[in-house]
Amino acid sequence: VVAVVVAVDEVGIVERVEGVEPLEVSTHHRPHMASHPWTRAARMAASRVRSKYKPPIEPLKYWDIVRGDTVQVMDGHRDAGKRGRIKEVIRKKNLIVVDGINLRTRRLPPSEEQPEGAFVKMPVPISYMHVSLIDPSDNQPCTVIYQRDENGKRVRVSSRTNTVIPKALWRRRDFLSRSEYEESPLDTKADVASAVTYKPTVLSFEEDVLKALGKLETKDSKS
């Protein structure tokens, strides 16, 4: 039996020992770490692998905030204390877009009005948990509970002052009413959309095609 003495450092490299040829250490069984599990380098490599995992987002079942509400950003965000109106609600990711909050610079592509493009500041989504509704009685942020009014309708109520917080009036994003909508060249005209292009019959598909070609034989044609 021949004993071979080698020295291995923390990153798995074999150092040359006087009078002994170095051996190669294989790390193919640990592709994300090049050192032994008990070393500091291995723990750092494993932490980088774990940091890439993002837990799935579970959408909230009930929302106290709707589009059009005025909210205030609470502590824990760089825009804490600012207020704005909610422009969009992203329920699948528990995010909201507040006008004038969490602004980021975006570059607009060239267009007819601005051939060279432009840089504008636009609000980006923030977490639903970073904002709070405003109590209309004292103009201060508050938490919300639900109660029944005199008509039995479920309404939002401030948990501090018991004041009803009405929801913002829902409006369409493209136009307020159908009468105010202006047709564009890409829209289908109203007379074309309302034209009747199909009349149901008792004929089968093949008989319908033969009738259109004038080759359908009926009892009257046979007589």
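The protein chain of this predicted model has a secondary structure of four helices and 12 strands. With the whole chain displayed, consider its surface before turning to single elements. Of the 223 residues in the protein chain, 21% are buried. The accessible surface comes to about 18300 Å², and carbon and sulfur atoms contribute 54% of it. Among contacts in the chain with a separation of 6 or more, 39% are between residues 24 or more positions apart.

At the strand 8 end, zoom in on residues 95–98, which make up strand 5. Strand 5 runs antiparallel to strand 8 and is joined to strand 8 by two bridges. Leu95 is found opposite Ser127 of strand 8.

**The nonpolar core**

Next, select Ile65, Val71, Ile86, Ile96, Val98, Ile126 and Val131. Within the largest nonpolar core, which has 16 residues, these are the ones that touch the most other members. Strand 3, strand 4 (83–90), strand 5 and strand 9 (131–135) are the elements that each give two or more residues to this core.

Centre the view on Ile126. Which residues is Ile126 in contact with, leaving aside its neighbours within four places in sequence? They are His77, Asn94, Leu95, Ile96, Val98, Ile101, Asn102 and Val131.

**Gln72 in strand 3**

Move to strand 3 (residues 70–73), where Gln72 lies. Is Gln72 buried or exposed? Gln72 has a relative accessible area of 13%, and because the cut-off for a buried residue is under 20%, Gln72 counts as buried. Display its side chain together with that of Arg83: the two make a polar contact at 2.9 Å.

**The hairpin of strands 11 and 12**

Select residues 144–148, strand 11, which pairs with strand 12 in the antiparallel sense over five bridges. The two strands form a hairpin with five residues between them. In the turn, Gly152 has a positive phi of about 85°. To follow the pairing, pick Gln147, whose bridge partner in strand 12 is Val155.

Strand 12 (residues 154–158) is mostly covered, with four of its five residues buried. Select Arg156, which lies in this strand. Arg156 is buried, with a relative accessible area of 1%. Where does the side chain of Arg156 make a polar contact with another side chain? The partner is Asp69, at 2.8 Å. The side chain of Arg156 also reaches the backbone oxygen of Pro166, at 3.0 Å.

**Helix 3**

Continue to Gly214, which follows helix 3 and has a positive phi, near 75°.

Methods. Residues numbered from 1 in each chain as written. Predicted model: local features only at pLDDT ≥ 70, side-chain atom pairs only at ≥ 80, totals over all residues. Heavy atoms only, no water. Buried < 20%, exposed > 50% of the residue type's maximum accessible area, 1.4 Å probe, protein only. Polar contact = N/O pair within 3.5 Å; in protein donor to acceptor, adjacent residues only side chain to side chain. Pairing = 2+ DSSP bridges. Contact = heavy atoms within 4.5 Å. Areas by Shrake-Rupley, 256 points an atom, 1.4 Å probe, with all protein chains shown as cover. Core = buried A, V, L, I, M, F, W, Y, C linked by side-chain atoms within 4.5 Å.
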